[in-house]
Amino acid sequence: MKKKILCTILSAVMAASLLAGCGNSKEEQTTASAVEETAAEDQEEAPEADAAGGEEAEPETDAAGGGTYALVTKSAGNPFNEKEAEGFQKAVEAIGGTAIIQHPESATADAQITVIQSLISQNVDSICIAANDENALQAALEEAAAAGIKVCSVDSTVNVASRLVHVNQAGVTEIGQCLVDAVYDITGGEGQWAVLSATSQAANQNAWIESMKEIIESDSKYAGLELVEVAYGDDEPQKSTDVTQALLQNYPDLKVICAPTTVGIAAAAKVLQDQNSSVKLTGLGLPSEMAEYIGDDDAHSCPYMFLWNPIDLGRLGAYTSAALVNGDITGAAGEKFTAGDMGEYEIVTAGDGGTEIILGAPFAFTPENIEEWKVVY
Amino acid sequence: MEKKSLWKKITGSREASLVIVLIVLCALISVKSPAFLSMQNILEILKNNAVIMIMSLGMLCVLLVGGIDISITSTLALAGMSIGMMYKYSVIESTLLGFVIAAAMGAVCGLVIGLVISWGRVLPIIATMGFMYIYRGLAYLVAQDQWAGADALGTFKDFALSNSLGLGLINNVIVITILCYVIFYIVLKWTKFGRNIYAVGSNEEAARISGINVTAVKTAVYTIMGLLAGISGALATSVYASAQPNMQTSKEMDVIAACVIGGVSMNGGRGSVLGALLGALVLSVIAKALPLVGIDAIAQNTVKGVIIVAVIILNVLTQRMMDKTNLEKREM
């Protein structure tokens, strides 16, 4: 019995010390304590977040011209989300507001709902969210909207009813066009190619793949390209490796693999490069992960790939939030606003019937610029 | 009684029935995809599943003492991520040192779990569930929202490409896997410690009375599991040339499944190294074959589940048949 009690105390101390550790490491980066990674902390975390919000609410209301702008990323521990948050923070600081950056402990809708609810109780002015699920956040976000909080999504959208406007890193068709052109260029205009995706349910992946297929069908220029398979690596290095090897074995004439997912493209690049395969790779990837594989010669598996600039995406998210809070825009199509030093943006109608703001075309990472970008993110 | 026919030997052993399952599986796959049994393919399977295979050994020991450990992939991620960051910031450069650090971190993680379970008498599933979150959380903290990619890992990733340990024939990763299996085979079969593990799992009270330090055995078993998870962390980082805080998430189920397929009892006391090996191989073959034979991506998990359940049912039936024959013998 004594041992049981002792053990309970020990576990509690351990959990508490971990919590304390979390707090310290994050406090430097953000004003509010970020929701940390371990789900075990959920219950303990909630009151703490509330307390932090309470303290903060006072000075913020006093600050002239400032507001409290929250960003909810997809999950902690991803360099892309971190850079997105960095851009958001910078832009908010530039307009004299306070940024609250929240990284949910896991890439699930549940974790994001917890975060949204704590933000509502903190009386933030806006929530900008990169959704882990298009529909599951609707109730929580409607609650936020009812509390007078301006909601927009960034990177990965929520459904139309949950948002005022979506900040899109690049239009679906723009990404599709970019990738198809890359495949066209690398294959030399004709030949077999395959897609290595994440999971078969990933909404953004499926939209891009669908768009690529449509572009190829609609233009006879791409008639020589034969898409042999859409394979799914579930964003796991191990499964992506198996799947890539299977593609190589099943299609000896394969020329290009297009992987529009950061984990998949890195795993595929490793397989191709290790096997000295003649198959080339392109897609969407993180420069720091892919630096080793990008090059024009035979020794490198990826001639070039794309991604958007997450810092700019975060900044545009912040400026959009500010414009919504200030009443410069309401989220209706056709409205225009100035996003700080990023210039003027126009709200357009999105594919899902809602509205969106498009950051621009995807950015190409080539052997020439990869050295410079791999240190950025 | 002495003369066992070959047929009896085959039907009379769970391992033998698994070998047959494995052969049938491979044969079926080869029909669809002739290149499946090529040397290169087999080596690829072993390399890509080394992590699961090695951790299955630790899980075997944990299951043998009647425990379970679902924190292993978190330990793996913590160890792998830690050395990944060390290479990224050039704290260390030596490959060997990376492995030593990862193994040591894993062993410490396992030791803490072992102490909580054996000394604190917490249910293994509860304790390791807690540590699953703790270690995974620490891995995220260590990562500081970064990954250690191929470029950052320097020469460490070359370890998984080289054949230096395998006399130029077999990949280093596979050599380490084989080495682990040989060591565990010897330890579990022929050492006092190995027999103590079985004794504790079969009947804890009897083991205690006969003078075995049950607490020490249990602590040791979880420490070994942690050690293997740590080594696996280093291996995974090297094989995939990437350390990410969410490495191998939920793969602990594959490791447990490998053991169960291999006939390791969840109640403790029963199971063998050979069984764990065969179980892990069955899973590896399935993982490799599903995309190869052209099963629709969304159906793959279902097919995987069906095969696992089918193999386990077959295994249980073999076990019952064995028990029945043994009983018959006793009656005579």
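Two strands are taken to pair if DSSP finds at least two bridges between them. Helices (H or I, at least four residues) and strands (E, at least two) are DSSP runs, numbered from the N terminus. On this basis, chain A of the predicted model contains an open sheet of four strands in the order S7-S6-S8-S9, with parallel pairing. S7(A) and S9(A) (280-283) stand at the edges with a single partner strand each, so one side of each is left without a neighbour in the sheet. From one strand to the next, the twist averages 25 degrees; angles here run from 0 to 180 degrees between N-to-C directions, and axes are lines fitted to C-alpha atoms, for helices over the stretch in contact. Strand S8(A) (residues 254-259) is joined to S9(A) by four bridges in the parallel sense, and Cys258(A) stands opposite Thr282(A) in S9(A).

The model is predicted: local features need pLDDT of at least 70 and side-chain atom pairs count only at pLDDT 80 or more, whereas totals for chains, interfaces and linings use all residues. Residues are numbered from 1 along each chain as its sequence is written, and chains are lettered from A and ligands numbered from 1 in the order in which they are written. The model scores are ipTM 0.82 and pTM 0.77. In terms of pLDDT (the predictor's confidence in each residue, from 0 to 100), chain B averages 90, with 96% of the residues scoring at least 70. Chain A has a mean pLDDT of 82, and 83% of its residues reach 70 or more. Over residues 20-64 of chain A, pLDDT stays under 50; for this stretch the model has 67 contacts beyond four places in sequence. A contact is counted if the C-beta atoms of two residues, placed from the backbone, lie within 7 Å.

A second open sheet in chain A has seven strands in the order S2-S1-S3-S4-S5-S14-S13, with mixed pairing. Its edge strands, S2(A) (98-102) and S13(A) (348-349), each pair on one side only. S1(A) (residues 68-72) and S3(A) (residues 126-129) run parallel and are joined by four bridges, with Ala70(A) opposite Ile127(A) in S3(A). Helix H4(A) (residues 109-121) lies across S1, S2 and S3 of chain A and runs at about 175 degrees to S1(A). Elsewhere in the sheet, three bridges join the parallel strands S5(A) (residues 165-168) and S14(A) (residues 355-358), and His166(A) stands opposite Glu356(A) in S14(A). The pairing of S13(A) with S14(A) is antiparallel, over two bridges, and places Thr349(A) opposite Thr355(A). Five residues lie between the strands of this hairpin, in which Gly353(A) takes a positive phi near 95 degrees.

The domain assignment, whose bounds come from an automatic or database source, divides chain A into domain 1 (42-55 + 64-170 + 310-362) and domain 2 (172-305). Taken over C-alpha atoms, the centres of these domains of chain A are separated by 31 Å. Residue classes count Ala, Val, Leu, Ile, Met, Phe, Trp, Tyr, Cys and Pro as nonpolar, Asp, Glu, Lys and Arg as charged, and the others, Gly among them, as polar.

The contact takes eight residues from domain 1 of chain B and five residues from domain 2 of chain B. Helices H4(B) (50-64) and H9(B) (172-190) each give two or more residues to the domain 1 side, which has seven nonpolar, one polar and no charged residues. Within chain B, the axes of H6(B) (residues 95-118) and H7(B) (residues 124-143) come within 10 Å and cross at roughly 145 degrees. Residues of H6(B) including Cys109(B) and Ile113(B) meet residues of H7(B) including Ala127(B) and Phe131(B). The residues of this contact divide into eight nonpolar, one polar and no charged.

The contact between the chains takes 42 residues from chain A and 34 residues from chain B. H1(A) supplies the largest share of the chain A side, 10 residues. By class, that side has 18 nonpolar, 13 polar and 11 charged residues.
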